[in-house]
Amino acid sequence: MNSPLARAARWASRLFSGVFAGFLMGVLVLEWSLRSFDRHVYTQVRQVELDSLDRLAVGTLLPALLATALLTVISARATKRVPWLPLTALTLLIAILVLTVEINLPINADQLAWNAQAPPANWASVRDRWQIAHAVRSAAALLAFAVLSTDTTTGAAGRAVPDAVPTDRELPAVPTN
């Protein structure tokens, strides 16, 4: 599992999942900070967020998904086993995508149409629903990054880790006295 393609997939999956998780955590901090402000400030800031931050999300989540999927396939083929760590990270990233499409993106579209001077009466419940979904996907992104960072298919220097059970050829000779 030390081919150039495997190394590139591992590197890209860690890079993009890490940047994505960091981005989500930054947005999470901003969103929780906004809870102490009124509906007008919240709406204005959300509309500024929505101007370009979705592009950053797509530009980091999609490469993380693709690289992690590639890493999962390469790992499975190389080891002839289920690569649980990359597969777990891939599952988490897919769950984030589903949650985003099902909850966050529809709310984003609605909030873009809000009038900052007269947000809807239910603005706080919409905010809360978005923020809860965002907190869940932020936690999932951090977990995916942690899993990819602890992937045991390679050592710290990128060398393949030997199988846990040695073969007969690898057993040390037993001294005879």
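Q: How do the axes of helix H3 and helix H4 sit, and at what angle do they cross?
A: This is a predicted model, where local features need pLDDT of at least 70, side-chain atom pairs count only at pLDDT 80 or more, and totals for chains, interfaces and linings use all residues. Residues are numbered from 1 along each chain as its sequence is written, and side-chain values use heavy atoms, with hydrogens and water left out. Now to your pair: the axes of H3 (residues 84–112) and H4 (residues 123–149) come within 9 Å and cross at roughly 160 degrees. Axes here are lines fitted to C-alpha atoms, for helices over the stretch in contact, and angles run from 0 to 180 degrees between N-to-C directions.

Q: Are H3 and H4 roughly parallel or antiparallel, then?
A: Roughly antiparallel to each other. Angles under 35 degrees count as roughly parallel, over 145 as roughly antiparallel, 65 to 115 as roughly perpendicular and the rest as oblique.

Q: What kinds of residues make up the contact of H3 with H4?
A: There are 19 nonpolar, 6 polar and 2 charged residues in that contact. Ala, Val, Leu, Ile, Met, Phe, Trp, Tyr, Cys and Pro count as nonpolar, Asp, Glu, Lys and Arg as charged, and the others, Gly among them, as polar.

Q: How does H2 pack against H3?
A: H2 and H3 pack at about 160 degrees, with axes 10 Å apart. That makes H2 roughly antiparallel to H3. By class, their contact has 17 nonpolar, 6 polar and 2 charged residues.

Q: And what about H2 with H4?
A: H2 and H4 pack at an angle of about 30 degrees, with their axes 13 Å apart. H2 and H4 are therefore roughly parallel to each other. The contact of H2 with H4 has 5 nonpolar, 2 polar and 3 charged residues.

Q: New topic: is Thr 43 buried or exposed?
A: Thr 43 is buried, at a relative accessible area of 1%. Buried means under 20% relative accessible area, exposed over 50%, and partly exposed in between, using a 1.4 Å probe and protein chains only. Thr 43 belongs to helix H2 (residues 39–79).

Q: Which residues does Thr 43 touch?
A: Leaving out residues up to four places away in sequence, Thr 43 touches Trp 114, Asn 115, Ala 116 and Pro 119. Contact means heavy atoms within 4.5 Å.

Q: Where's Lys 80?
A: Lys 80 is in the loop between H2 and H3. Lys 80 is exposed, with a relative accessible area of 72%. It also has a positive phi of about 60 degrees, although it is not a glycine.

Q: What about Val 82, where is that?
A: Val 82 is also in the loop between H2 and H3. At 44% relative accessibility, Val 82 counts as partly exposed. Val 82 and Thr 72 are 10 residues apart in sequence and 8.5 Å apart in space, C-alpha to C-alpha.

Q: Last one: how much of the protein is buried?
A: Buried residues make up 37% of the 177 residues.

Methods
Helices (H or I, at least four residues) and strands (E, at least two) are DSSP runs, numbered from the N terminus.
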